[in-house]
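Here is a short walk through a structure for someone new to it. Keep the 3D view open as you read.

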There are 2 protein chains.
Amino acid sequence: MADLVRVDVEEARALCVAAYRRHGVPPDDAARAAEQFILCDLLGIPTHGLRRLSNYIGRIEIGGINPTPDIQVASRLPAVAVMNGDGGLGTVVASRGLEEGIRRAGENGIAYISCINSNHFGGNASYGWLAAEAGMVCLSGSNGTPTIAAPGGKTPAIGNNPIGYAAPGPDGRHFILDMALSIASRGKLRAARDRGEPIPEGVALDKDGLPTTDAGAALDGFVLPIGGHKGYGLATAIDILSAVLGGGGIGTGIRHQFKQPGEPSNVSHFFLLIDPAATVGRDAFRQNILDFAAWVHAQPSVDPARPGRLPGEAASARLARNRTEGIPMTQDEYDRLRGLADGSLSGVIPTS
Amino acid sequence: MADLVRVDVEEARALCVAAYRRHGVPPDDAARAAEQFILCDLLGIPTHGLRRLSNYIGRIEIGGINPTPDIQVASRLPAVAVMNGDGGLGTVVASRGLEEGIRRAGENGIAYISCINSNHFGGNASYGWLAAEAGMVCLSGSNGTPTIAAPGGKTPAIGNNPIGYAAPGPDGRHFILDMALSIASRGKLRAARDRGEPIPEGVALDKDGLPTTDAGAALDGFVLPIGGHKGYGLATAIDILSAVLGGGGIGTGIRHQFKQPGEPSNVSHFFLLIDPAATVGRDAFRQNILDFAAWVHAQPSVDPARPGRLPGEAASARLARNRTEGIPMTQDEYDRLRGLADGSLSGVIPTS
């Protein structure tokens, strides 16, 4: 792996904002979109951080992402809303949706927001983090281009829909989970193919829907969801919560961000927010979550140096460190970020 | 397998109600508790159906379950409530919680209910079915005695917390998912042990937290969650949504229904309900869900006789058949049901 440099958070943020501004994104939206990348990088999820900027910019350049969307909110009751993202940056649409949801949950104790007509929104983690910062328990998810077959199927029916949850933790060390529903990512399959190694059984099917341990055949086929029908079932739940409830795209109504980059992806996200102030009160909730974490931490581990944790505790520690030391990235990534900001580089859309 | 008899639904319901009434459960609560068992049996989930009646009755007899709970609802805002089940039948507490949630979601578009101080509530499926019948999208879950270790842990930290979702389907063929977060149930491990067969790798750990394929060693140890840290993370989310948000029991605060049957189990459940009338309207939602189902059904299968389905479609078909033909059970199960109803049999609590 290439040597990593550490880039000051505010410098990285300013470069990202400048790149978006250069491509017509208004100031407030550019700040929102940058915030999501920065948070993912701080939390140690660089796959959904600044590394994606070049791709997003590339899609703005060819008209796949609308830099100046007319985002509309439709709401029939105070705790429920559907946001139409008008094909804007997913990170802008979702950031606005989350903000709307946090406000409504603060007033009603709970809120549900479906964000339709959006694009790739990064990861659940950054939104979960912001919800937890606002004192909320959050469930979230996004649908995506179908990549997972129904059990027994031989074409993709459902996206590898990521699901997330977050809860405010002690002293800003929040609990967050951000997971795709496949056992292994396509990135891991590509790495195995490039090394000429087989993949484990039960991870993927070939293009005919039959089990394979050949990484190349798996890449022509489908990844398998965790727990078979269980993960598949959860993926369908995310589609219903993201898209079906809000009137968003499903199936062929969703375009692949890399294979059809010049068209709006038409993906949908959702946020479900609950304010502990409306259940037991924030002080009691804080104590309850401390007790819960203490219980998990008190369980002995096989390796005493690696104690049991709640999801997000490692990410919280990385965030604290990266805030102080800067965001780790390769020199190439740093150069690309500066090039996108000063206009000397155009966006690049990956081919897969 | 013993020959199955088919018992008329209303006869089975009346016998179950009579058994509960004989043990001091008031009429309305007896009807609620019977309804959950009957629905699970109709949906083809007999493990959470009438087969459990003897165990529930046994726990009432020894004081573990309160037949006449003083169930209280605390609510600070209209769309959020915490129900204290006072150690009542889990099927009564959850049934009342769901009803409360459906009413509140009908008025507010969304509702969240935490039911604390409850007992085993059966399965998510019956509640999901009722929510879908009421036109609601539902997420639900329950915590339970810790049986799953944190990644790297060697004692149980978290329950094999079941998670469910439901959405109203076309013509009453609802979409429901009801899944535990382990790869395999302890029942399957026991069956493998009794046959003297090994279990697959990656399904369980021994009592020291180390991988094992020995079913006996696994039974002394822990089942593993689907997707490793993913399933574990989801289980922690269910604990937070069920118990931590409502002030219910966690860790050693939860008693095992079979190992400590004479004490209230102190488990917690939750229901999150969204009314499509508050998002796109019920008519548009019905069309969206039809389109979604049609898309999944249109995908070709490896075996054309086994088309891809949404979760719950098989259960819906079973429910339609069992309603007409009667609930399938063994003669022994039928005799036990009648004996519990006429008082000639006492409840029996399983040892594991």
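Predicted model: local features only at pLDDT ≥ 70, side-chain atom pairs only at ≥ 80, totals over all residues.

**Two copies and their axis**

Residues are numbered from 1 along each chain as its sequence is written, while chains are lettered from A and ligands numbered from 1 in the order in which they are written.

Confidence comes next. Chain A averages a pLDDT of 96, and 99% of the residues score at least 70; pLDDT is the predictor's confidence in each residue, from 0 to 100. The model has an ipTM of 0.96 and a pTM of 0.97.

Now look at where the chains meet. 64 residues of chain A are in contact with 64 residues of chain B (contact: C-beta atoms, placed from the backbone, within 7 Å). Several elements of chain A each supply at least two residues of this side, including β2 (72-77), α8 (229-244) and α9 (282-297). Helices (H or I, at least four residues) and strands (E, at least two) are DSSP runs, numbered from the N terminus. The side of chain A that touches chain B divides into 37 nonpolar, 19 polar and 8 charged residues. Here Ala, Val, Leu, Ile, Met, Phe, Trp, Tyr, Cys and Pro count as nonpolar, Asp, Glu, Lys and Arg as charged, and the others, Gly among them, as polar. 100% of the interface residues of chain A are also interface residues in chain B, so the copies meet through the same surface.

Turn to chain B. An open sheet of 7 strands runs in the order β2-β3-β4-β12-β5-β8-β9, with mixed pairing (strands pair if DSSP finds at least two bridges between them). Its edge strands are β2 (72-77) and β9 (175-179) of chain B, each pairing on one side only. The twist averages 10° from one strand to the next; axes are lines fitted to C-alpha atoms, for helices over the stretch in contact, and angles run from 0 to 180 degrees between N-to-C directions.

Follow one pair of strands. β8 (residues 163-167) of chain B runs antiparallel to β9(B), joined by 5 bridges. Ala166(B) has Ile176(B) as its bridge partner in β9(B). α8(A) packs on the sheet, touching β5 (137-142), β8 and β9 of chain B, and its direction makes about 135° with that of β9(B).

Methods
Contact = placed C-beta atoms within 7 Å.
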